[in-house]
Amino acid sequence: MTKGYAGQFLRVDLSSGVCENFTIDEAILRKFIGGSSLGAKLYIDSYNLHADPLAPESPLMVMTGPMVGSGFSGTSRFAVCGKSPLTGIWGEAACGGTFSPEMKRAGYDGIVITGASPKPVYLSLADGVAKLADASDLWGKDIYETTDVLKAPDKSIKVLAIGPAGENLVKFAAIGNDKAHFIGRTGLGAVMGSKRLKAIIARGSGRLEKADDARYKELARAAVQEIKDSTLAGSLHAMGSDAAMVTGMFSGDVPIKNWSVGEDFDLSISLGGPTLSEKYLTRAHACSNCSLACKRVVVVKDGPYQTEEGPGPEYETCGSFGTMLMNGDLTAVIKANELCNRYGMDTISCGSAIALSMELYEKGTLSKADVDGLDLAWGNMEAVMPLLKKIACREGFGDTLAEGSLNAARKIGKDAVDSVVHVKGLDLPMHDPRGFHGMGLAYMMSNRGACHLQHAALATEQGMASWPQLFDMKDDYNGQISDEKAVLIYNSENYGILGNSLSICHYLIYVLQPETIRDAFNAITGFNLSFKDLLEAGMRDWTLKRGINNLMGVTSRDDVLPRRVLTPLTDGAAAGSVPDMKRLLSEYYALRGLDERGFPREEKLAELGLPELRSMLYK
Amino acid sequence: MALKAFSQEWMDAWLKSIQTSQEYKEIAKEWEGSVSIIVNPDPSKGIPEPIYMWTDYWHGEAKDFHYCDKAKAESANFVMSGEYIRWKQVAKKELDSTKALMQGKLKLKGDLTYVVKHVKTVNKVVDLLAALDTVFPDD
């Protein structure tokens, strides 16, 4: 058995109820490593890329990586992947938490689920045995309730579950792990719902074998020390990801009022990490075995938006339910976050759809009657709370928004589509490309649509990290110029993508020295990959997913930023600045080996060892 | 005339520019606390010994800036330390001070949450420093 891996994968056909184990050759593991990279390889080899994302034949994959379960900080990540019902192209999302180490202890590196069960079921994994069980009593319950029921017999059981949004096929439905960690982007909770799979639970006693345990322990200790010494890690521990709300306002990173305003320091102070920690934090929380502990546990005890003690909002949520909606009430953001967690909805896409609605309401494109009598004025969070339930349950106007911003705008008609801020159907995360031109390129070229986590551009372009040992880069980039950004993004993708295949948290990629990560990976697997090998694995991942998207219909015409972020702001740190899209794309295409259609060239596919993709693209 | 970096004259000029900035007074009206700056020795760049500098700020006012000993420097509310070359980059605005902290090129001891909350104050102080006509030991 290859060290670092549990040694088997699971195939589940929910139509027949058959569960069967399978293995993957080490040669494949060395090339694709794990996580969503390996998921993409399984997908292209065995499944119909043209099937509807919600059709039974479309697979849903839950994938871990070889570092998961090792105990190394930041390696409790896992990816869920398949075809996105929101975008119609390759979909993936990842989170940390508790599930993936338990899944490996239960004996599985990955799960591929097809078919659709005639009745609601959940999948149970325990020490190499997989079983399906009736979940009829759980159907209709929210994620928190479902998790409590499934953990009742044994608190050490780890749970992945969908809520009403997944059941109702909301196109941005999320999957929750133990009520604290969420697979949010690209709507894979709806794929789970389409299969009537309410939950997956795992409990195991297996132990991960490492190639060089002594060396691994030395590196794990070094990683803990690096985290302790890092100001970035200290900031994340003290304030969570929401520290970026305050600093980002100075650099033009934070989107305001559906990307139409450039600066509002009152909002960033009232919504930022210092306020979140000072007023509502009860404790910091860590994913399994992580010594960084960036997660917030918060409670709102007073006022109209009281919550139970639970996971606090990330920066992205403080943007999507805060600045984007012109809402400076952090308690309302915390409440909206709790509701999205319970219903199971991606807070970025959900908040963005509501921001779109508020803009259209202000313009008169939507009337009060169109939105079920709600007053969708900017900042009116009293209207947002009931709207969240309407979206999750597909009631009234909520049914329109449940299709996602782009589809909702198409249904609303008039000029509504002009107000949607997306790439390839995925709403932009809360980082403005007018403040950081490289991020704009990364949005255009990320394989799941506009994304801040399919690369490490957030760290490199914003100056959180510098890795001259990996590639030629500067300590400090001016965000508002497009010079030198194509090569920066290309390199930042090739390295950052490893977060998805090794299953290591992006924050740890930012904080730890690349040598520490490489050496720990090698100590666990014995693969002895060099930086060159690892960066090539990153290139292979990107190119494979791009090829899958090409086969699903993506071309160069789709590599485009929305009009809103190509319109200069009149205020704030990024006033007057827009990315030079043409230049960025031209330079990037050359680096990536893409032809004028946006397809990887044959020689690039040969160079990266992707013959299956080559034969499908050039048959 | 250009001022010699890390000299008392240079510190006095920096202090004066802060004291006379109305914008600083407004931005920093809630800031409380001393900040020490430690420049690690680098003989090859003309810094044979560590340099310890004391700066003090209180609700929009800046107090005296002066050299101090190691013990006093380490007693400040916020202690920032780093290599000479990094301080030079920050003072010339070639490296943003927040980025330098996040990349580990400068170290901070003190309440990081407080610093993030008042990052506008920090940026203004650095802007005023960068505006000085400065000559560095290795220029």
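The structure is a predicted model, in which local features need pLDDT of at least 70, side-chain atom pairs count only at pLDDT 80 or more, and totals for chains, interfaces and linings use all residues. Residues are numbered from 1 along each chain as its sequence is written, while chains are lettered from A and ligands numbered from 1 in the order in which they are written.

Chain A is assigned domain 1 (9-203), domain 2 (238-420) and domain 3 (428-496 + 530-617), with bounds from an automatic or database domain assignment. The centres of domain 2 and domain 3 of chain A, taken over C-alpha atoms, are separated by 27 Å. Their contact takes 17 residues from domain 2 of chain A and 19 residues from domain 3 of chain A; two residues are in contact if their C-beta atoms, placed from the backbone, lie within 7 Å. On the domain 2 side, α12(A) supplies the largest share, four residues.

Turning to the two chains, 18 residues of chain B meet 21 residues of chain A. Elements giving two or more residues to the chain B side are α5 (97-102), β7 (106-109), α6 (112-117) and α7 (119-130) of chain B. Here helices (H or I, at least four residues) and strands (E, at least two) are DSSP runs, numbered from the N terminus.

Finally, A:V80 touches A:L60, A:M61, A:V62, A:E92, A:A93, A:I175, A:I183 and A:L188, not counting residues up to four places away in sequence.
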